[in-house]
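User: Hi! I have a structure open and would like to talk it through with you. Could you help me get my bearings?

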Amino acid sequence: MPDDIRVIAIDFDGCLCEDRWPEIGKPYIDVIEAAKAERAAGARLILWTCRCGNELYEAVDWCAYFGLRFDAVNENVPEIVGLYGTESRKITADEYWDDRARRVPHLKGAADGS
């Protein structure tokens, strides 16, 4: 990851708003404001969602209505593509904001096979 940028991938349904797929649920203003503050502080934001087609365009427009803009949507930011020389299917980020996330601790002995 380039040292001069911080990338945050943010899920839409259940994270920026209530999960009401295919509709858009009530906004989580605290999360929206936190994301805007991160971007204002220099972080690059990726909208990271399973939505596609019209539902994706509606989500992007909905975010813009609340003043939340993204540097990429369902793809890596240009600095990451440049670093690796290709666009991968996996979004590369320093942080992933997702309502279904679970931090998986390193398991004792996993690295040394014990």
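User: Where does Thr-49 lie?

Analyst: Thr-49 is in the loop between β2 (44-47) and α2 (53-65). Helices here are DSSP runs of H or I with at least four residues, strands are E runs of at least two, and both are numbered from the N terminus. This is a predicted model, where local features need pLDDT of at least 70, side-chain atom pairs count only at pLDDT 80 or more, and totals for chains, interfaces and linings use all residues. Residues are numbered from 1 along each chain as its sequence is written, and side-chain values use heavy atoms, leaving out hydrogens and water.

User: Thanks! Is Thr-49 buried or exposed?

Analyst: Thr-49 counts as buried, because its relative accessibility is 10%. Buried means under 20% relative accessible area, exposed means over 50%, and partly exposed is in between, with a 1.4 Å probe and protein chains only.

User: And what is Thr-49 in contact with?

Analyst: Setting aside neighbours within four places in sequence, Thr-49 is in contact (heavy atoms within 4.5 Å) with Asp-11, Phe-12, Asp-13, Leu-56 and Asn-74.

User: Leu-56 is in α2, I see. Which residues of α2 are buried?

Analyst: Leu-56, Ala-59, Trp-62 and Cys-63 are the buried ones. Seen down the axis of α2, they fall within an arc of 125 degrees, so they line one face of the helix. The arc is that of the directions from the helix axis to the C-beta atoms.

User: Why would that spacing put them on one face?

Analyst: An α-helix has 3.6 residues a turn, so residues three or four places apart point the same way.

User: What do the buried residues of α2 pack against, and what is exposed on the other side?

Analyst: They pack against α1 (29-40), β2 and β3 (72-73). On the other side of α2, Asn-54, Tyr-57, Asp-61 and Tyr-65 are exposed.

User: How about the span of α2?

Analyst: α2 has 13 residues and reaches 19 Å from its first C-alpha to its last, close to the 18 Å expected at 1.5 Å a residue. The expected span is 1.5 Å times one less than the number of residues. After α2 comes Gly-67, with a positive phi near 80 degrees.

User: Moving to α1, which residues are buried there?

Analyst: Val-31, Ile-32 and Ala-35 are buried in α1. They fall within an arc of 100 degrees seen down the helix axis, so they line one face of α1. Their cover includes β1 (7-10), β2, α2 and β4 (95-97). Asp-30 and Ala-40 are exposed on the other side of α1, and the helix is followed by Gly-42, whose phi is positive, near 110 degrees.

User: New topic: how many disulfides does the structure hold?

Analyst: Zero, taking a disulfide as a pair of cysteine sulfur atoms within 2.5 Å. For Cys-15, the nearest cysteine sulfur is that of Cys-17, 8.9 Å away. For Cys-17, it is that of Cys-63, 7.7 Å away. Cys-17 counts as buried, at 0% relative accessibility, and Cys-15 is buried too, at 10%.

User: Last one: what pattern does the protein follow along the sequence?

Analyst: The pattern is β-α-β-α-β-α-β, with three helices and four strands. Of its 114 residues, 34% count as buried. Among contacts between residues at least 6 apart in sequence, 73% join residues at least 24 apart.
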